[in-house]
Structure formats: C-alpha cells, structure tokens
Amino acid sequence: MTARAGADHPIFGTALPPLTPPQKTKLRQLSLVSLARKASVVPYDAIGEALEVTEQRDLEDLVIETVYAGLVAGKMDQMAREFKVSRASGRDVKPDDVGAMADALTAWADRADAVAEQLEAVSYTHLTLPT
C-alpha cells in the first residue's frame with residue numbers, strides 16, 4: 001500500500017513505527033485519491049487491493065468517508081462493484097508536469113480575456129443609445 005506504510009513497508013523497512021488507525025485511514029483516503037486521478041471508473045477489486053480492504057462494506061465506508069472529506073466525488077455502483085469518479089483532488093505535482101500546467105493556465109487565461117472582451121463589446125453595443 002499504500003495503506004501498509006509503517007513498520008512493514010517495503011520501502012522503509014522496519015525503521016518506522018506502525019501507523020495509528022487515523023493515519024491508516026488518511027493514507028487509504030489519499031491512496032483512493034491517487035486511484036481516482038488515474039481512471040474515471042475504479043473497480044472495487046482495484047480499490048480493495050490497493051487499500052488492503054477485503055470486505056465490501058468497509059471499502060464502501062472508506063469511499064464514503066473520502067467523499068465526505070471532499071477528496072473525491074463520484075458514485076458507487078454496488079451492482080457493477082465500481083466507483084465512478086467525477087472529481088478527484090490533486091496530489092503532488094511532478095516537476096515534469098509544471099510546464100504543461102502553466103500552458104493550460106495560460107490558455108485558460110487567454111480564453112477568459114477573450115470572453116471578457118466579447119462581453120464588454122456586447123454591453124457597450126446595448127448601452128449605446130441611437131441618436
């Protein structure tokens with residue numbers, strides 16, 4: 001895990017103490033955010049494996065808690081056993097992604113400026129009285 005971090009985490013070895021229940025919950029929530037950012041539909045099996053949750057009810061409770069925390073938004077489909085993601089909070093930004101983010105923000109700002117100019121032109125046209 002993601003949710004396994006602690007004394008037995010493969011990266012950290014035995015140097016770290018076990019996670020407390022609130023820490024484990026938070027780590028599971030953040031792991032769910034990562035899954036939700038990668039796919040618009042996340043199967044329950046993928047969530048259970050990544051978060052080390054075996055019971056469907058516990059998995060659904062964790063998804064609900066993560067939604068209530070405002071970290072993800074979406075719908076659970078219990079029949080299809082999947083979480084349909086409509087929004088997921090951002091996590092860490094990789095240095096390689098900064099340029100693309102800046103380009104996207106610049107393009108958005110340019111579109112916003114164009115819309116503002118169009119609105120000003122329309123409002124000026126409607127406010128000008130005929131002579």
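From the N terminus on, the elements of the protein run α-β-α-α-β-β-α, which comes to 4 helices and 3 strands. Helices (H or I, at least four residues) and strands (E, at least two) are DSSP runs, numbered from the N terminus. This is a predicted model, in which local features need pLDDT of at least 70 and side-chain atom pairs count only at pLDDT 80 or more, while totals for chains, interfaces and linings use all residues. Residues are numbered from 1 along each chain as its sequence is written, and side-chain values use heavy atoms, with hydrogens and water left out.

The pLDDT, the predictor's confidence in each residue from 0 to 100, averages 84 for the protein, and 81% of the residues score at least 70. Among the elements, strand 1 has the highest mean pLDDT (96) and helix 4 (residues 98-127) the lowest (86). Over residues 1-9 the pLDDT is below 50; beyond near neighbours in sequence, this stretch has 34 contacts in the model. Contact means heavy atoms within 4.5 Å.

The 3 strands form an open sheet in the order 1-3-2, with antiparallel pairing. Strand 1 and strand 2 stand at the edges with a single partner strand each, so one side of each is left without a neighbour in the sheet. From one strand to the next the twist averages 30°. Axes here are lines fitted to C-alpha atoms, for helices over the stretch in contact, and angles run from 0 to 180 degrees between N-to-C directions. Helix 1 packs on the sheet and touches strand 1, strand 2 and strand 3; its direction makes about 85° with that of strand 3. Helix 3 also packs on the sheet, where it touches strand 2 and strand 3, and its direction makes about 150° with that of strand 2.

Two strands pair if DSSP finds at least two bridges between them. Strand 2 (residues 72-77) and strand 3 (residues 82-88) run antiparallel and are joined by 6 bridges. Ala73 has Arg87 as its bridge partner in strand 3, and Val72 has Ala88. The hairpin of these two strands has 4 residues between them, and there Arg81 takes a positive phi near 55°.

Helix 3 (residues 56-68) has 13 residues and reaches 18 Å from its first C-alpha to its last, close to the 18 Å expected at 1.5 Å a residue. The expected span is 1.5 Å times one less than the number of residues. Buried means under 20% relative accessible area, exposed over 50%, and partly exposed in between (1.4 Å probe, protein chains only). The buried residues of helix 3 are Leu59, Glu60, Leu62, Val63 and Thr66. Seen down the helix axis they fall within an arc of 160°, so they line one face of helix 3; the arc is that of the directions from the helix axis to the C-beta atoms. An α-helix has 3.6 residues a turn, so residues three or four places apart point the same way. The buried residues of helix 3 pack against helix 1 (21-38), helix 2 (44-51), strand 2 and strand 3. The face turned away from the buried side carries the exposed residues Arg57 and Tyr68.

Thr66, in helix 3, is buried, with a relative accessible area of 0%. Leaving aside its neighbours within four places in sequence, Thr66 is in contact with Gln29, Leu32, Val33, Leu71 and Val72.

Ala69 counts as partly exposed, at 45% relative accessibility. The C-alpha atoms of Ala69 and Gln29 are separated by 9.0 Å, although the two residues are 40 apart along the chain. Gly70, which follows helix 3, has a positive phi near 80°.

For the protein as a whole, 24% of the 131 residues count as buried. Among contacts between residues at least 6 apart in sequence, 48% join residues at least 24 apart.
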